[in-house]
Amino acid sequence: MPIPLRARRDMPTVAAVAVGCALAALAVAVSSTAVARRPTAPARAVFDASHLPPLLRLPGERVDLSYEAHCAREGVEDPEAGCDVRGIVYLRTDPHAPFRTLPLEPTSQNGLRVLTATVPADVVGSRGFEYYAELEANGASDRIVVPAGGADAPHRSLRLGDPSVVDLGTHPFGSASPGTPIVSAPWGDGPASVGLESGRNLPAIGASAFDVGREGAITLLDEAHRRALRWQPDGAGPTRMPLTIDGRLADLSIGDDGSLYVLESVAAPGHTPVLRNFDPAGRELGATETADGVASQVRIGPRGPVVLQHPSHQWMPVVGEGAPSSPRDQRRAARNGRPLRSGAEVVVLRREHDLLAALVSSRGVERSWRVTTRTPIAEVQLAEPLDRRFVVVARVYSDSASEFVVLVFDRHGTTTRFSTPTDEWAEAAPLSRFRLAGNRLYRLGSNANGAFVARYDLGDSQ
């Protein structure tokens, strides 16, 4: 007998899945398109722009900055009747130096209005440069700043000096390792079950995120039942933890003190997504709205939780000095790389034919890698250091299959390489399938019977 799906509460759940599917094509600061949109006054034009920042680059590469711009008066559907847009890029090679200006030149690509500029050779030849753009439409009084933090939180492009190169060739589908099953929960409404919400013309939604605590306990977010299920390191459980959440697609991270952070990715009308904080027993401690209108991930940074927000496509701290950060403070403190507990950052860029990754400190790029492949990469699920190693998990796909490839690097190259199945019977948060804890990699999966977490031993550092 099929398990009945929980009744849908409202249409935003479908919208969340649509956003999630789109975000799954991104990664941890991976080949993201920074988008800005705002209505202009008094003519009420629709004015938006998108930009693909070259977060990482190889020596000798030419760098072109391109901004797709659209401006149309309200109610005007003719794409040829849009207003003209002009813009300027502000860039610098020293974070303490003033910005220099670079005009953006209007052109057209595939029928879209595009503003472009070629970064000067002396800037491209530097170890790194920062930049932001200001765009304005003729006849409109408002401007778009990309990214939203402007000079306080510009985009940053880093040059990789001598990255370790790994060629994956053509991926051999069909040899994926399922891992060691650790915990599982059936679909349903029982005390140890995980709820499902149906999606119109989309997969069902359930068990949208998980995390592994410092002591090895596994916490699974059962958003449909507004609770978390927790298994102890020895597999005992699950214990139930009621949470005051909205019951829709959400991400989860556990703080160093055992507290839970739940990012509700679907915003209420007139609001932005909310990050809720709970103590280890599930008591709500506070809630903070994000600065941007869409948020896809929450992770723990050096000073607390950070959220990957869109349209800025930057990691923003949402809590500062123990208090919620205002939207302005979130934007001003935004970073392109994911801040780690150690204070370093991870920056990853998925390009057309390769993937670039770097571990960055205040001194610049400490270590970097380049992964080439003849099989397309859809998204990077995880990229972070593990003791003296670095782990990358990326989805590769063909016309008929997809798998996750796990790569473990040290200073000499690849120490471990294997693939895992996707196991995505139910929809989850798009970039929350994997977690690292100790020397083990954990994967969230689902099938027709329920949700589960599998484990992979990555061995010790040599």
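**Reading strands, cores and turns**

Trainee: How many bridges join strand β38 to strand β39, and which way do they run?

Mentor: In general, the strands of a sheet pair through backbone hydrogen bonds, either parallel or antiparallel. Here β38 (residues 440-446) and β39 (residues 450-457) run antiparallel and are joined by seven bridges.

Trainee: What is the order of the open sheet of four strands with antiparallel pairing, and which strands stand at the edges?

Mentor: The order is β13-β39-β38-β37. The edges are taken by β13 (180-186) and β37 (434-437), each of which has a single partner strand, so that one side of each is left without a neighbour in the sheet. On average, and ignoring direction, neighbouring strands of this sheet are turned by 20 degrees against each other.

Trainee: How much confidence does the predictor attach to the protein chain?

Mentor: The mean pLDDT of the chain is 87, with 86% of its residues reaching 70 or more. Over residues 1-44, however, the pLDDT is below 50, although this stretch has 130 contacts in the model beyond near neighbours in sequence. Where pLDDT is low, the predicted coordinates should not be read in detail.

Trainee: Which residues have the most contacts inside the largest nonpolar core?

Mentor: As a general idea, nonpolar side chains tend to be buried together in soluble globular proteins. In this structure the largest nonpolar core has 25 residues, and those with the most contacts inside it are Y67, V85, V89, L91, V119 and L135. Several elements each supply at least two residues of this core, including β4 (64-73), β5 (85-92) and α2 (121-124), while the largest share, five residues, comes from β9. To follow one of its residues, look at Y67, which, beyond residues up to four places away in sequence, touches V89, L104, Y131 and L135, among others. Apart from this core lies another, of 21 residues, among them L340, L355, A394 and V396.

Trainee: Is strand β34 mostly covered or uncovered?

Mentor: Strand β34 (residues 389-397) is mostly covered, with eight of its nine residues buried. Eight bridges join β33 (residues 377-386) to β34, and these two strands run antiparallel, with L382 standing opposite V393 in β34. Eight bridges also join β34 to β35 (residues 402-410), again antiparallel, and there V396 stands opposite E403 in β35.

Trainee: Through how many residues does a hairpin join β34 to β35, and how many lie between the strands in the hairpin of β33 and β34?

Mentor: The hairpin from β34 to β35 passes through four residues. The hairpin of β33 and β34 has two residues between the strands, and in it D387 takes a positive phi near 45 degrees.

Trainee: Where do R226 and D423 lie?

Mentor: R226 lies in the loop between β17 (218-222) and β18, and has a positive phi of about 55 degrees although it is not a glycine. R226 is partly exposed, with a relative accessible area of 31%. D423, in the loop between β36 (413-420) and β37, likewise is not a glycine and has a positive phi of about 45 degrees; at 26% relative accessibility, D423 counts as partly exposed.

Trainee: Is the peptide bond from V146 to P147 cis or trans?

Mentor: That bond is cis, with omega near -5 degrees, and P147 is placed in the loop between β10 and β11 (155-159). The bond from G237 to P238 is cis as well, with omega near 10 degrees, and P238 is placed in the loop between β18 (227-231) and β19 (239-242).

Conventions:
Residues are numbered from 1 along each chain as its sequence is written. This is a predicted model: local features need pLDDT of at least 70, side-chain atom pairs count only at pLDDT 80 or more; totals for chains, interfaces and linings use all residues. Side-chain values use heavy atoms; hydrogens and water are left out. pLDDT is the predictor's confidence in each residue, from 0 to 100. Contact means heavy atoms within 4.5 Å. A nonpolar core is a set of buried Ala, Val, Leu, Ile, Met, Phe, Trp, Tyr and Cys residues joined through side-chain atoms within 4.5 Å. Buried means under 20% relative accessible area, exposed over 50%, partly exposed in between (1.4 Å probe, protein chains only). Two strands pair if DSSP finds at least two bridges between them. Axes are lines fitted to C-alpha atoms, for helices over the stretch in contact, and angles run from 0 to 180 degrees between N-to-C directions.
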